Amino acid sequence: MATADAPMIVATPSRPRRRAHAARTVRKTALGALGILGFLATWQIVSVTGVVSARSLPSALDTFAQLGTMVSDLEFWRNVGRTMTAWAIGLALATVLGVVLGGVVGLVPVLRRATHSTVEFLRPIPSVALIPLAILTYGIQMQAALVIIVYASFWQVFVQVLYGVADIDTVARDTARSYGLTRGSRLRNLVLPTALPYLMTGLRLSASVALILAITAEMTIGNPGLGQVIFQAYNIGNMTTVYAIVIVTGVLGVIVNLVFRFIERRSLAWHQSVRGEEVL
């Protein structure tokens, strides 16, 4: 009598790796949570026991109570929106300029050699040194803050794109030319895949730098935003508010990094660096 063959289920080798990866993720998350709890407990103990004066370091409980009060205030969210608006505009401008100029200079060896000394001279200049010039040019406006944000963030993208474009394998480039690929095809199939990992690294770095400079510009120039709240609270001695806003800026930084890290992993799912992380 003929019987139907039962389907055979074979566990693929990737399943154990996925389980191990999920276990490592859970373990890392748990350790991170324990680290945060330990930090908060240490903060509370140091403040309550008087190791550091409460006027300089309010307790963690008081700080988070103040943060809870601020979160219910609409003006707090307006300041968050102002800071993130300046961050987003500055990052977008820096990215466009960095990609265009980095790509052009990187693809032309003569330009790369001619601008090397200029780039190495301008890149170390701290962006905060441009604050007086920005204020004189634009006054206390968002444009003044954008000058600082764009200048600091631009170099992160520009340098990464510059080195990414210059890192094209000579054999692959000569092969593309010998096969008669058009310029557009070479850019799409050769230049972009080579430079994309560098670009994503530059974007992730510049996103964090742009947030730091957005808050710094608000503190020094006086534009409305979280930085201005920190500066005003410090001037009147309201350290609880100062630490509460510092926590908010830290959370924003973590969110920005996680978002760009997610974009990087999705964009480079084919790349060896991301695939290697999944296997490990």
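I looked up Ser47 and found that, leaving out residues up to four places away in sequence, Ser47 touches Val52, Leu57, Pro58 and Ser59, where contact means heavy atoms within 4.5 Å. I note that this is a predicted model, in which local features need pLDDT of at least 70 and side-chain atom pairs count only at pLDDT 80 or more, while totals for chains, interfaces and linings use all residues. Residues are numbered from 1 along each chain as its sequence is written, and side-chain values use heavy atoms, with hydrogens and water left out.

I placed Ser47 in helix α1 (residues 14-48), helices being DSSP runs of H or I with at least four residues, numbered from the N terminus. Ser47 has a relative accessible area of 8% and is therefore buried, a term for values under 20% with a 1.4 Å probe and protein chains only.

I then turned to the aromatic rings, where rings of Phe, Tyr and Trp (its six-membered ring) pair if their centres lie within 6.5 Å, and planes under 30 degrees apart count as stacked, over 60 as edge-to-face and the rest as tilted. By this rule I have nine aromatic pairs. One of them joins Phe154 and Trp155, edge-to-face at 5.0 Å centre to centre with 70° between the planes. The ring centres of Trp155 and Phe158 are 5.9 Å apart and their planes stand at 90°, so this pair is edge-to-face.

I found Trp155 and Phe158 both in helix α6 (residues 142-166), three residues apart, about one turn of the helix. Phe158 is buried, with a relative accessible area of 5%, and Trp155 is buried at 10%.

I also recorded one aromatic cluster formed by Phe39, Trp43, Phe64 and Tyr243.

Notes:
Helix = DSSP H or I, 4+ residues; strand = E, 2+ residues; numbered from the N terminus. Buried < 20%, exposed > 50% of the residue type's maximum accessible area, 1.4 Å probe, protein only.
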